[in-house]
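Thanks for coming, everyone. I'll keep this brief. Please look at the screen while I talk.

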Amino acid sequence: MQGGAVQLALYAFTPSFVSFTSPSTLIHSPARHPPTSLDPTMRAYLYDNLDTDCREPHELSPSVPVSAEELAASGVLYWRLKDENFTEQIDKICEERNYKNRDQITVSKEGLGDQFDAKIKTFFAEHLHEDEEIRAILEGTGYFDIRDKDDRWVRIKVEAGDLIVLPAGIYHRFTLDTNNYLKAMRLFKEDPVWTPLNRPCDDNPYRKAYLQTVTAI
Ligand code: KMT
């Protein structure tokens, strides 16, 4: 999976939403390295929209899988790095992409203590951030749900060894699965900005810029 890290390094993420470059363009551009995003073990699929426990898989039957390329068309990047030395790769990525800060979060009753219920609720409320959300999953499992370019919920299963980048301005949410445990490294270009802006915030400039990038694809 070395190519995954290389591709990540090649993909010139820009700190400013104004100069955001379409990830799908880069993924499909003539590459010195073959795209590695077609990881057959990746699990992303359309969400069934049933109003039951969000920690269940919520997969349609039959399932409607969503490929890494389709995710990239929504500006979402996903890598499975587990076959390599994960920590080394993360360090390299941080250096190459200028992610200056990082911390860790353990999303579990034990890890969040009194804040658990409130945090879980906040994470699962549909929201956006004015910055990228970059998460390397260190332990455990969970789900990121993102709105695709057609405003459908896509569920992405994450587990130890995964790295996911959600662009600024995308509506999304996060939940644990029924294992109730996930430990993640959060990576930041600058100081951490946590503010979730709950939907609707369609007039937000980062939202508008994001929509321009996905409609341009
Ligand atoms: C967020 O902002 O939605 C999160 O940080 C989710 C928890 S980290 C896996």
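By class, how many nonpolar, polar and charged residues are in the lining of the largest pocket? The lining has 14 nonpolar, 3 polar and 7 charged residues. Keep in mind that this is a predicted model.

Let's stay with that pocket. The space in the largest pocket comes to about 440 Å³. It is lined by 24 residues, and the closest to its centre are Phe 123, Glu 133, Arg 135, Arg 186 and Trp 194. Which elements each supply at least two residues of the lining? There are strand 3, residues 101–107, and helix 6, residues 116–124.

Now the ligand. Where does it sit? The ligand sits in the largest pocket. Around the ligand we find Phe 123, His 127, His 129 and Glu 133, along with Arg 135, Phe 144, Phe 174 and Leu 182. Sort that shell by class, and you get 4 nonpolar, 2 polar and 2 charged residues. Strand 5, residues 133–147, gives the largest share of the shell, with 3 residues.

Next, the polar side chains facing ligand oxygen. Take Arg 135. A side-chain N or O atom of Arg 135 is 2.8 Å from an oxygen atom of the ligand. For Glu 133, a side-chain N or O atom lies 3.3 Å from a ligand oxygen atom. His 129 also has a polar side-chain atom 3.3 Å from an oxygen atom of the ligand. And how much of the ligand does the protein bury? Taken alone, the ligand exposes 300 Å², and the protein buries 97% of that.

Let me move to the backbone. First, some background: most peptide bonds are trans, and most residues other than glycine have a negative phi. Which residues are joined by a cis peptide bond with omega of about 0°? Those are Ser 61 and Pro 62. Pro 62 lies in the loop between strand 1, residues 44–46, and helix 3, residues 68–73.

Asn 49 is also found in the loop between strand 1 and helix 3. Its phi is near 65°, a positive value in a residue other than glycine.

Further along, a cis peptide bond joins Arg 199 and Pro 200, with omega of about 5°. Pro 200 is placed in the loop between strand 10, residues 197–198, and helix 7, residues 205–215.

To recap: the ligand sits in the largest pocket, and strand 5 gives the largest share of its shell. That's it from me.

Technical notes:
Residues are numbered from 1 along each chain as its sequence is written. This is a predicted model: local features need pLDDT of at least 70, side-chain atom pairs count only at pLDDT 80 or more; totals for chains, interfaces and linings use all residues. Side-chain values use heavy atoms; hydrogens and water are left out. A residue is near a molecule or strand if one of its heavy atoms lies within 4 Å of it. A polar contact is a pair of N or O atoms within 3.5 Å; within protein, one must be able to donate a hydrogen and the other to accept it, and residues adjacent in sequence count only if both atoms are side-chain atoms. Accessible areas come from the Shrake-Rupley method with a 1.4 Å probe; for residues, only the protein chains shown count as cover. On a 1 Å grid over the protein atoms alone, a cavity is a set of points where a 1.4 Å probe fits but cannot get out, and a pocket is an open set with protein on both sides within 12 Å along at least five of seven lines; lining residues have an atom within 4 Å of a point. A molecule sits in a cavity or pocket if more than half of its atoms lie within 2 Å of its grid points. Helices (H or I, at least four residues) and strands (E, at least two) are DSSP runs, numbered from the N terminus. Ala, Val, Leu, Ile, Met, Phe, Trp, Tyr, Cys and Pro count as nonpolar, Asp, Glu, Lys and Arg as charged, and the others, Gly among them, as polar. Grid points are joined across faces, edges and corners, and a volume is the space filled by probe spheres set on the points.
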